[in-house]
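I opened this entry to record how the parts of the chain meet and what surrounds the ligand.

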Amino acid sequence: MGSISPSDAIAADRMAPTGIKVIVVGAGFGGLGAAIECHRQGHDVEIYEAFPELKTLGDIISFMPNAGRIFARWGAGEVTRRMRPLSIAHKGFNIRKYDTGEVAYHQLANEYSADAPTVNGHRGELHEVVFEYARTDLGIPIHLGNRIEEYFEDEAKAGIVLADGRRIEADVVIASDGVRSKARQIVLGYEDKPKSSGYAIWRAWFSNKDMVADPETAHFCNKGDTFNGWIGPNMHFLFSTIKNGSDCCWVLTHPDDHNIDESWSFPGKLSEAIDAVKGWDPMVARIISKTPESSLVDWKLVYRDPLPTWVSKHARILLLGDSAHPFLPTSAQGATQALEDGVDIATCLRLGGGPAEVPTAVRAHERIRYERVKKVQKTGESTRDMWHKTDWEAVKKNPESIKFPREDWVFKHDARKHAEDVYERTVRGIQQDLHEQQKQQPNGASLP
Ligand SMILES: Cc1cc2nc3c(=O)[nH]c(=O)nc-3n(C[C@H](O)[C@H](O)[C@H](O)COP(=O)(O)OP(=O)(O)OC[C@H]3O[C@@H](n4cnc5c(N)ncnc54)[C@H](O)[C@@H]3O)c2cc1C
Ligand SMILES: *[C@@H]1O[C@H](CO)[C@@H](O)[C@H](O)[C@H]1NC(C)=O
C-alpha cells in the first residue's frame, strides 16, 4: 500500500453513499458549507457559481462558536488550523461611551476552543480556506462562471438551466444564491422586495502603516490584536486590529434611508464618515482619518421580513443562507446560520434515506430550522437597539448590561446533533399535520 497524504485522509472522511444527487447554486459560505456537509454525509454534490474566478472580496466577517463547531469537524481540525492565523486574537472587547471614550465595560474574549472556536477575520481570506477545502481537499466539482437564471422541478426531480441552455438535473437543488436570490422568486411564486433597514454601514480594511506612525493610535496595533467599540445614539463604531495588529478594520453603522439595490461595495467618502462622528470622542475621527479612501465601502443595509417558506412546491428546491434569511450584522450570525442550514439539510437528506425521500427531508429541514433562524434574526435588532438607545446612568450601575450578548441557546447549538435528535419526530409531525389537512379537505393535494 502507498502512503496516504494528508489530503487523501481528508478526502476519505466521508459516510456511506446515499445515492442522492445534489446541485448547490452559489459558492458563498452558505453554498460551500452545504456542499461540504453533503459530501461528507455521503451525497453526490456539485456547485454552480456565477463568479468566474475566486477573488478575496469583502472585509470583516464573524463566525461564532456554533459555526466554529462545524468548521472544527472538517478535515479533523485541518480547516480551523488554516483559519486560525487569519483570525482576530484579541483578549477582550472595550465597550466605550461614544463622547467621552471611557470604557464602560470590558468584555473578555472567549478562550480559544479547538472544538468550537470563534472565527473573526477577512471574509475573502476565510472564504478562500473553505473554498479550497471543498475544491482541492474534498474534490467537490465547482463550476465557476455559471449564472443560473432558471430552475425547474416536478415530483421526482429538480434542476437548473445553464446560460448555454443545458439542463442539469438532480434530486434536490439547494439555492444558496445570496440576498439578491433569483431562486427566491421560483420558490415563493412572487418577487419579494427588500426593504430599507434605515441604516447604512461604512466599512474599511487597511494596513496599520499610518496607525503605527501616530503615537496616539499606535497602541491599537503594536501589542497584538485589539477590539474597541464606541456606542452612541443611533450609531456605533467597531474597530479591530488583526494578525498581530498588522491589519485594521472598522465598521460605522449609522442611520440612512437611501433605498438602493442590495450590494456590497459602493465607494465611501471619508469626509462623510468623519462628519457623522462630530461630537464623538476625537479618537474615532482619528482612526477614520488613517483609512485610505480607496478601501472605504458604503454599504446600504437592506433587510427582508422572514419569508413564509424556503421550500418550493414539490420540495425539491430549497433556499439556504442569505437567500432564505438575511441577517443584520449586529447579530453576528448571518454566515453562521447559513452554515447551520447546510449541516441540517445534509443530515436530513441522509436520515431521509434516499432520492425518493428528498421532499420529506427538505420539509423536515425547514421545520427544524425555521423558528430558530427567526429567533436568531431578531437578536440583530435587539442588540442594535440596546446599543443605540443606551441609558448611560443605568450602564454605570450595571456595566454588564451593555455587553454583546452571548447566549448558550445560540452558541452551544450543535446543528448536526440537533438534526439527528429531532428528525424522526419532525417527520411524524409533518405527516400528522398532513393527515389533519386531508381530513378537513378530503380531495386536497397530498405529499409525494
Ligand atoms: C462578494 C461578497 C462580499 C461579502 N462581504 C462580506 C463581509 O465583508 N462581511 C460580512 O459579514 N458578510 C459579507 N458578505 C455576505 C456574507 O458572506 C453572507 O451574509 C453570509 O456568509 C451568508 O452567505 P450566503 O452563502 O448565503 O450568501 P453569499 O455570501 O452572498 O453568497 C452567494 C453566492 O451566490 C452566487 N450567486 C448569486 N446569484 C447566482 C446565480 N444566479 N447563479 C449562480 N451563482 C449565484 C454569488 O456570486 C455568491 O458567491 C459578502 C458576500 C459577498 C457575495
Ligand atoms: C507581534 O508584533 C509585535 C510588534 O508589534 C512583535 O514585537 C511581535 O514579535 C509580533 N508577534 C508575532 C507572533 O509575530
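The notes below go from the domain division to the domain interface and then to the ligand.

**Domains.** I kept in mind throughout that this is a predicted model. I looked up the division of the protein chain and found domain 1 given as 6–88 + 112–192 + 305–391 + 406–437, with domain 2 spanning 195–303. I then took the centres of the two domains over C-alpha atoms and noted that 30 Å separate domain 1 from domain 2. For the contact between them I listed 22 residues from domain 1 and 26 residues from domain 2.

**Interface.** I turned next to the area, since the size of an interface is often given as the accessible area lost when the parts come together. Domain 1 and domain 2 bury about 2100 Å² between them, and I noted that 62% of this lies on carbon and sulfur atoms. How many salt bridges are there between domain 1 and domain 2? I have two in the count. Separately, I looked up lysine 243 and glutamate 125, whose side chains meet in a salt bridge at 2.9 Å, N to O. For polar contacts across the interface of domain 1 and domain 2, I recorded six residue pairs, with both residues at pLDDT 80 or more.

On the side of domain 1 that touches domain 2, I found that β6 (119–122) and α11 (358–388) are the elements giving two or more residues. The largest share of that side, five residues, comes from α11.

**Ligand 1.** I listed 27 residues surrounding ligand 1, the closest being Gly30, Glu49, Asp59, Ile148 and Asp322. Going through its polar atoms, I found an oxygen atom of ligand 1 at 3.4 Å from a polar backbone atom of phenylalanine 29. A nitrogen atom of ligand 1 lies 2.8 Å from a polar backbone atom of isoleucine 60. With arginine 203 the side chain takes part, and I noted an N or O atom of that side chain 3.1 Å from a nitrogen atom of ligand 1.

Notes
Residues are numbered from 1 along each chain as its sequence is written. Chains are lettered from A and ligands numbered from 1 in the order in which they are written. This is a predicted model: local features need pLDDT of at least 70, side-chain atom pairs count only at pLDDT 80 or more; totals for chains, interfaces and linings use all residues. Side-chain values use heavy atoms; hydrogens and water are left out. Domain bounds come from an automatic or database domain assignment. Contact means heavy atoms within 4.5 Å. Buried area is the accessible area (1.4 Å probe) that two parts lose on being put together, summed over both. A salt bridge is a side-chain nitrogen of Lys or Arg within 4 Å of a carboxyl oxygen of Asp or Glu. A polar contact is a pair of N or O atoms within 3.5 Å; within protein, one must be able to donate a hydrogen and the other to accept it, and residues adjacent in sequence count only if both atoms are side-chain atoms. Helices (H or I, at least four residues) and strands (E, at least two) are DSSP runs, numbered from the N terminus. A residue is near a molecule or strand if one of its heavy atoms lies within 4 Å of it.
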